[in-house]
Amino acid sequence: MLKFFASCPLGLEGLLFNEIVSLNIAKAKETTAGVSFEGTMEDGMRLCLYSHFASRILLTLSTFNCEDDTDLYLGANGIAWEKYFTSDKTISVEFSGTNDKLRNTQYSALKIKDAICDRLVKAYGTRPDVDKHNSDVRIYAHLLKYGEATITLDLSGSPLHQREYHRGTGIAPLKENLAAAMVVRAGYDNLNFIDPMCGSGTLLLEAALYATDTAPGLKRSRFGFLHLKDFDENKWQEMLFEAKVRSNRGLKSALEKNICIHGFDADSNMVSIAQQNAKKAGFGDLIKVSACSVAKMYNPFDNDLHVTLVTNPPYGQRMGNFNELIALYSDLGLKIKQNFKGSRAAIISTSTDLLSCLRLSYDKSYKLYNGSLLCQLRVFEIDDSRDMAGSEGSAKDEIAVDFANRLVKNLKTLNKWAEGVNTDAYRVYDADLPDYQACIDKYGPYYVIQEYAAPSSVSANIARRRVLDMIAATIRVTGSDGEHVVLKERERQRGSSQYEKSQQQKHDFFSVHEGSINYRVNVHDYLDTGLFLDARPIREKIKALASGKDFLNLFAYTASASAAAAMGGALSTVSVDMSRTYLEWGMENFRQNNIDLASHDFVQADCLAYISNPTDKKYDLIYIDPPTFSNSKRMESTFEVQRDHVALLSNLTGHLKDGGSIIFCTNKRNFNIDGKKLALYGLEFEDISKATIPRDFMRRQQIHSCYILAFDESKKQLDPVPIVEQKAAPKWSGSVKKSTYSSSSFDRNSDRGSDRGFNRDNKDREFNSRSSAYGGRQNRSKGFKVGSMTFNKDGRINSDSCSDRSERRPARKARVWGPVDS
């Protein structure tokens with residue numbers, strides 16, 4: 001008896017084993033990615049003809065111990081190759097596996113090729129030619145780590161999943177043996193069959209093979225065994241004749257039973273390809289293909305035969321946008337329930353989230369591999385009584401009806417309001433309904449969904465499904481494509497990991513406007529977008545107050561408040577933040593509004609250290625919007641706004657002109673300002689919180705607290721105590737150079753770690769403590785500057801040498817960014 005190995009994709013081993021046993025082949029054993037068995041050459045040929053699942057049928061020639069290239073050559077040369085084929089056949093050798101002495105698979109394949117050629121030269125006097133791509137004889141060798149090598153002959157030729165009748169394919173074609181597995185796992189009973197997203201028709205053709213008892217290899221003209229010396233032409237012709245008879249009989253029977261195999265596809269080009277493939281396979285009368293989208297899917301069958309639905313929708317891996325796929329899967333599940341009651345369905349995907357959008361209760365689930373992608377095939381019995389077990393509202397045909405209706409209502413009201421205030425960046429939904437805990441912000445053409453934490457009484461599965469429903473409903477209601485609906489999931493991190501940038505950077509920046517001011521935003525790459533929408537009235541107030549004044553912006557983020565001050569006619573602005581990335585982003589906000597940067601500075605520094613060191617440079621107006629809490633490694637100590645706000649604000653008096661003002665904003669819930677203590681430092685406050693809550697945030701009145709503090713030097717009774725002990729400035733701090741900065745450098749640098757990932761809406765706002773040190777090294781031999789402060793060579797501030805804005809060399813005006821496609 002000869003020894004064989006039938007290879008197959010992972011997950012198909014059990015199906016292949018049953019298939020081999022059904023062909024009366026003895027001593028079969030299931031292994032990883034294949035089945036080993038013993039039999040005759042006729043058995044190997046029969047399996048090549050009839051197997052739905054095998055990729056290759058390999059005849060084992062020799063297994064031997066192999067430590068080095070000498071062992072490999074001798075082992076291969078010891079095989080009687082002249083017994084299997086003549087030297088006029090072209091050959092190819094493929095080798096897999098390595099050990100300590102055989103590390104290059106190409107070299108190992110070459111040694112086997114040399115051994116074969118040397119053996120055949122002795123037998124026939126000539127060497128066989130090598131054809132790597134279309135050889136007559138294919139030799140496969142595998143080396144195990146412990147030193148055992150196996151050499152096999154491929155009886156298949158090209159892989160068996162290539163049926164040869166199937167020529168035209170789409171973007172992401174399905175391999176035929178995987179399609180066959182899906183058909184069998186679905187429990188197809190050889191009656192009516194439909195694939196609502198058929199593409200080039202692979203699933204339709206595999207179903208037709210089963211429905212007509214057609215051998216998968218019947219149309220193949222090339223097999224590896226055809227070129228072997230012991231190939232029995234008569235036996236092969238007998239097999240082919242039997243297979244043709246069975247196929248013709250099966251096709252006739254299927255047509256007489258009025259069996260129909262139907263395919264839909266939204267792409268008319270794919271419909272044409274699928275029709276041509278069906279004709280090539282000889283199933284033109286059995287397979288019908290029509291142009292139809294999932295949203296318009298109907299039941300095409302005009303008989304009462306049982307229906308099996310099997311499909312391979314996009315996963316979002318090689319094709320399809322995930323958000324659009326949420327809507328697609330939702331539509332698919334809905335149409336299946338509406339049109340195919342009493343049928344069986346099987347749907348494959350890499351995403352359990354997408355499969356859950358079907359809202360169907362599955363009976364069985366199988367792990368399969370589509371190439372390297374691990375997939376789940378779910379099998380459903382379509383029955384009204386079993387819709388989405390355990391889910392509320394499962395009887396409803398439409399998804400998230402209440403949420404969709406509320407979003408329609410909000411958009412109707414807020415779009416009109418936004419047009420009146422001349423902005424295209426505003427909130428359109430804010431947890432209006434208890435079942436849908438999220439907010440939705442509109443940034444130009446984008447809708448950004450930010451998920452809130454679900455109550456503990458709601459299971460994680462239901463909470464996740466509601467989020468996916470919100471995405472699908474938002475796409476439907478707004479008419480946006482999936483690329484313009486963005487989900488941001490806020491998760492509270494602990495320890496050293498807090499809010500930070502996305503792992504997959506798109507670098508997709510675009511502009512939105514508030515009145516006459518443009519702001520640069522990015523809805524993909526960071527948890528926050530670069531613009532806090534609730535602070536819109538604060539920016540308007542800053543713009544109104546800034547005319548003719550020197551303005552300081554602390555914890556500046558992307559310096560949107562500084563841009564508003566500059567547009568309001570500020571004489572100068574200074575923006576201070578720990579993140580160079582955000583400061584460069586701030587420069588782009590200035591360039592978006594054609595603001596010359598000569599009078600405007602951007603300082604990378606720890607804001608607490610910055611304000612703890614008073615300088616001769618004083619400001620008329622200071623805006624400070626600190627984090628609720630921070631334990632950033634770049635800061636000298638932890639900061640908590642309720643605990644530390646008096647120290648924070650009192651230190652600002654060292655930077656404020658007599659009669660100047662502070663606008664102080666915090667997102668701390670239930671924040672209480674200590675007016676009595678602040679009065680000791682000459683500060684009197686006015687609570688302007690209600691006046692700074694915009695129309696689109698009326699549902700979240702406590703989104704922030706905001707105060708204006710007036711400074712009167714004559715009423716000052718105490719000198720502030722520095723929040724941070726005076727030390728040498730860190731290497732990363734310093735002014736961001738405007739003369740060498742360009743928009744292209746911002747593009748390159750925008751993927752660097754964000755120093756500050758604000759949590760604006762999830763109760764408090766925090767720094768990202770996993771920050772990297774940006775900015776070049778400072779030359780300390782002659783001292784250096786941080787904004788208006790001059791440091792001596794040992795890193796201490798020299799307050800006498802602080803320079804005023806007029807003493808600095810004006811920065812060269814950088815070019816303004818051009819429009820960016822969104």
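## Aromatic rings

Welcome to this predicted model, where ring pairs join Phe509, Tyr526, Phe532, Tyr557, Tyr582 and Trp585 into a cluster. Rings of Phe, Tyr and Trp (its six-membered ring) pair if their centres lie within 6.5 Å; planes under 30 degrees apart count as stacked, over 60 as edge-to-face and the rest as tilted. Across the whole structure, a search finds 24 aromatic pairs.

One of them is the edge-to-face pair of Tyr362 and Phe380, with 6.5 Å centre to centre and 90° between the planes. Tyr362 lies in strand E13 (residues 362-370) and Phe380 in strand E14, so the pair ties together parts that are 18 residues apart in sequence. Strands (E, at least two residues) and helices (H or I, at least four) are DSSP runs, numbered from the N terminus. Phe380 is buried, at 0% relative accessible area, while Tyr362 is partly exposed at 38%. Here buried means under 20% relative accessible area, exposed over 50%, and partly exposed in between (1.4 Å probe, protein chains only).

## How the model is read

Residues are numbered from 1 along each chain as its sequence is written, and side-chain values use heavy atoms, leaving out hydrogens and water. Local features need pLDDT of at least 70 and side-chain atom pairs count only at pLDDT 80 or more, whereas totals for chains, interfaces and linings use all residues.

## Salt bridges

A salt bridge is a side-chain nitrogen of Lys or Arg within 4 Å of a carboxyl oxygen of Asp or Glu, and by this rule there are 33. Asp430 and Arg700 form one of them, at 3.0 Å from N to O. Asp430 lies in strand E15 and Arg700 in the loop between strand E28 (681-687) and strand E29 (705-716), so this pair ties together parts that are 270 residues apart in sequence. Asp430 is buried at 5% relative accessibility, and Arg700 is buried at 16%.

Another salt bridge joins Arg163 and Glu206, whose closest N and O atoms are 3.0 Å apart. Both Arg163 and Glu206 are buried.

## Arg539 and its partners

Arg539 also forms a salt bridge, with Glu514, and the closest N and O atoms are 2.7 Å apart. Glu514 is in strand E19 (residues 510-514) and Arg539 in helix H13 (residues 536-545), 25 residues apart. Arg539 lies over the face of Tyr519 too, at 5.5 Å from the ring centre. For a charge to sit over a ring, NZ of Lys or CZ of Arg must be within 6 Å of the ring centre and within 35 degrees of the ring normal.
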